[in-house]
Amino acid sequence: MMIWRDGVVRALRATWDGATELAVEIQGPPSGSAPDDAPDGVLPPGATVRALAYPGLVGEPRVGDRVTLSAAALARGLGTGGYAMVVALPDRLPADPPAGPGHLVKGRYTPLQTMVLGVDEQESAHHHLLEDADDLAGLPVVVADLHSAVPAVVAGIRSAAPALRVAYVMTDGGALPAWFSRTLAGLREAGWLWGSVTVGQAFGGDLEAVSLHSGLLAARLVLGADVAVVAQGPGNLGTGTRWGFSGTVCGDAVNAVATLGGAPVASLRVSGADPRERHLGISHHSMTAYGRVALAPADVVVPHFDAGTDLERGLPAGLGARVREQARTLGAPTGIHRLVEVSTEGLAAALADSPVRLSTMGRGLEQDPAAFLAAGVAGMHAARLAEGAAEPPA
């Protein structure tokens, strides 16, 4: 379903790396377009909506510009996708880019497909490093389901070893443009990330790569990362079915890291506040991705909650025991993974120091601390692996 609107830019609200948020006054459906099936009263002429433009794709918007919007997600009231997206500035199209290297097309065969220079392609200055590369040499790689876990993972890494260089490898299960993520922009600005690699159809990172495998190798060989974090961009997709969610690729990521000789670290998606039973404790997403999709062993990091902090005293009674019991099915003797129990001691302060807001499924650190603590201990364990001081399996 596509819902189109014309609009006029009334204000530039915010900018961050690669993105500009706008206030746009709706003018009506584009001239000559067929009636759409937007709900009655949604996006009427005269309404002002939040819109997002990617200047690298459509040019730099200005107040007074006429814009063409794609507004289906906004009309349906979706959360992460709740912007009208700027498709074009029809009266002022951007100039053609200067001729240069790069022939990777991402967002392929969509109207806004973009051509980038891949770190792994023949025209890249780094092609020689990656041409026969096949070894991560034990690089610890944290795999996480949700983009919202990334700052918590990085906080955990920094709490254990602040000097480590952390690279983010963004897969294409959520947002395709890395520019959508304010989290990524904020972590970069604060110096918490050494660099980023966008893989598959995702684009907009410091480096572009064709596949997750070459992206991981680029994180090590080109960026010089000590630890990598793999997660999709914002916009996790789920259907309430066993297999219909974008986080299944966490299992694929574990396989990729192991194939390349890295050290896969599985971050569990945990919640003490989600009203849905399938996501309470360890989410069924983690159980399926690591328990069914992953065919190689990983260190599955199980949080041992520290009851000494105000943050953790508010956790639901029995949550820690529930998480440990659920995790047992992923470890020996019935599973293939190594369970590593890591204390959350000291992590609450590290999470509170995050330069970006911690939020997952609309809940912040105070509303669902277990989600961020579970991600943070995975980062702590990866940092200790990088420094050769990891805790033994449980």
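**Figure 1. Helix α12 and the largest cavity.** With three residues, α12 contributes the most to the lining of the largest cavity; helices (H or I, at least four residues) and strands (E, at least two) are DSSP runs, numbered from the N terminus. The model is predicted, so that local features need pLDDT of at least 70 and side-chain atom pairs count only at pLDDT 80 or more, while totals for chains, interfaces and linings use all residues. Residues are numbered from 1 along each chain as its sequence is written, and side-chain values use heavy atoms, with hydrogens and water left out. The largest cavity holds about 180 Å³ of space. Its lining comprises 20 residues, of which Leu146, Arg269, Val270, Thr360 and Ala371 are the closest to the centre. Two elements, β14 (270–271) and α12 (369–386), each give two or more residues to this lining. On a 1 Å grid over the protein atoms alone, a cavity is a set of points where a 1.4 Å probe fits but cannot get out, and lining residues have an atom within 4 Å of a point. By residue class, the lining of the largest cavity consists of nine nonpolar, six polar and five charged residues; Ala, Val, Leu, Ile, Met, Phe, Trp, Tyr, Cys and Pro count as nonpolar, Asp, Glu, Lys and Arg as charged, and the others, Gly among them, as polar.

**Figure 2. Packing of helix α4 against α12.** Helix α4 (residues 150–160) packs on α12, the helix that gives three residues to the lining of the largest cavity, with the two axes 6 Å apart and at an angle of about 45°. This angle makes α4 oblique to α12, because angles under 35 degrees count as roughly parallel, over 145 as roughly antiparallel, 65 to 115 as roughly perpendicular and the rest as oblique. Axes are lines fitted to C-alpha atoms, for helices over the stretch in contact, and angles run from 0 to 180 degrees between N-to-C directions. The α4 and α12 crossing is right-handed, the near helix being turned clockwise from the far one by less than a right angle.

Figure 3. Two cavities of 30 Å³ or more occur in the structure, where a volume is the space filled by probe spheres set on grid points joined across faces, edges and corners. The second largest cavity holds about 50 Å³. Its lining includes Val143, Ala144, Asp145 and Thr171, as well as Val230, Ala231 and Gln232. Ser246, Gly247, Val249, Cys250 and Ala253 also belong to the lining of the second largest cavity. At least two lining residues come from each of β12 (227–232) and α7 (249–259). Seven nonpolar, four polar and one charged residue make up this lining.

**Figure 4. Helix α7 crossing helix α8.** Helix α7, which supplies at least two residues of the lining of the second largest cavity, has an axis that comes within 7 Å of the axis of α8 (residues 284–293), and the two cross at roughly 40°. Helix α7 is therefore oblique to α8. The crossing of these two helices is right-handed.

**Figure 5. The open sheet around β12.** Eight strands form an open sheet with parallel pairing, in the order β11-β10-β9-β12-β8-β13-β16-β17; two strands pair if DSSP finds at least two bridges between them. Strands β11 (207–209) and β17 (338–343) lie at the edges, each pairing on one side only. On average, neighbouring strands of this sheet are turned by 25° against each other, direction ignored. Strand β8 (residues 140–143) runs parallel to β12 and is joined to β12 by three bridges. Val142 has Val229 in β12 as its bridge partner.

**Figure 6. The five-stranded barrel.** Strands in the order β1-β2-β3-β5-β4 make a closed barrel of five strands with mixed pairing. From one strand to the next the twist averages 55°. Strands β4 (residues 66–70) and β5 (residues 84–88) are antiparallel and pair over three bridges. Thr68 faces Ala88 in β5, and Ser70 has Met85 in β5 as its bridge partner. Strand β3 (residues 48–53), in contrast, runs parallel to β5 and is joined to β5 by two bridges. Here Ala51 stands opposite Ala84 of β5.

**Figure 7. The second largest pocket.** About 500 Å³ of space lies in this pocket, a pocket being an open set of grid points with protein on both sides within 12 Å along at least five of seven lines. Of its 21 lining residues, Gly56, Pro97, Thr114, Met115 and Val116 are the closest to the centre. Both α1 (55–58) and β7 (114–116) give two or more residues to the lining. The lining of the second largest pocket divides into 13 nonpolar, six polar and two charged residues.
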